[in-house]
Amino acid sequence: LRGFYLGSQETNADVILISSLYCQALVDGRNFREKCIESGLNKIIYIGGNLVVSEQNLNWEDIKKQFLDMGINWAYPPLTLPEKVIDDLKNDLGMT
């Protein structure tokens, strides 16, 4: 995920939007917020997609809580429509 915070720094992005396809976001996302802060970034972080392996047998609220506890601002379950994320982006960026 290093590329995400470095890319946001290079482009002066207001947010970091991560889509996960390979179900390892809980592992990869550990300390992501801290790495951003160490790099001088205080960005709004969104994550969605296939975030965990199905064998973990967690319900969505438990999964979401883990990401929020890691400092991720928004976590979306699989099959979330882009319009939902866009609405949240607009609200966070004061574009509503």
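In this predicted model, three strands make up an open sheet with the order E1-E2-E3 and parallel pairing. Strand E1 (15–20) and strand E3 (74–76) are the edge strands, each pairing on one side only. On average, neighbouring strands of the sheet are turned by 10° against each other, direction ignored. Between E1 and strand E2 (residues 44–49), the parallel pairing runs over six bridges; Ile 16, for instance, has Ile 45 in E2 as its bridge partner.

Two helices to look at next pack on this sheet. Helix H4 (residues 60–69) touches E2 and E3, and its direction makes about 150° with that of E3. Helix H5 (residues 82–92) touches E1, E2 and E3, and its direction makes about 170° with that of E3.

| Pair | Centre to centre | Angle between planes |
|---|---|---|
| Tyr 46 and Trp 74 | 6.4 Å | 5° |
| Tyr 46 and Tyr 76 | 6.5 Å | 5° |

With planes at 5°, under the 30 degrees cut-off, the Tyr 46 and Trp 74 pair is stacked. The Tyr 46 and Tyr 76 pair is stacked too. Both link distant parts of the chain: Tyr 46 in strand E2 is 28 residues from Trp 74 in strand E3, and 30 residues from Tyr 76 in strand E3. Together, Tyr 46, Trp 74 and Tyr 76 form one aromatic cluster.

Trp 74, at 29% relative accessibility, counts as partly exposed.

Key
Residues numbered from 1 in each chain as written. Predicted model: local features only at pLDDT ≥ 70, side-chain atom pairs only at ≥ 80, totals over all residues. Heavy atoms only, no water. Pairing = 2+ DSSP bridges. Helix = DSSP H or I, 4+ residues; strand = E, 2+ residues; numbered from the N terminus. Axes fitted to C-alpha atoms, helices over the stretch in contact; angles between N-to-C directions. Contact = heavy atoms within 4.5 Å. Phe/Tyr/Trp six-rings, centres within 6.5 Å; stacked < 30°, edge-to-face > 60°. Buried < 20%, exposed > 50% of the residue type's maximum accessible area, 1.4 Å probe, protein only.
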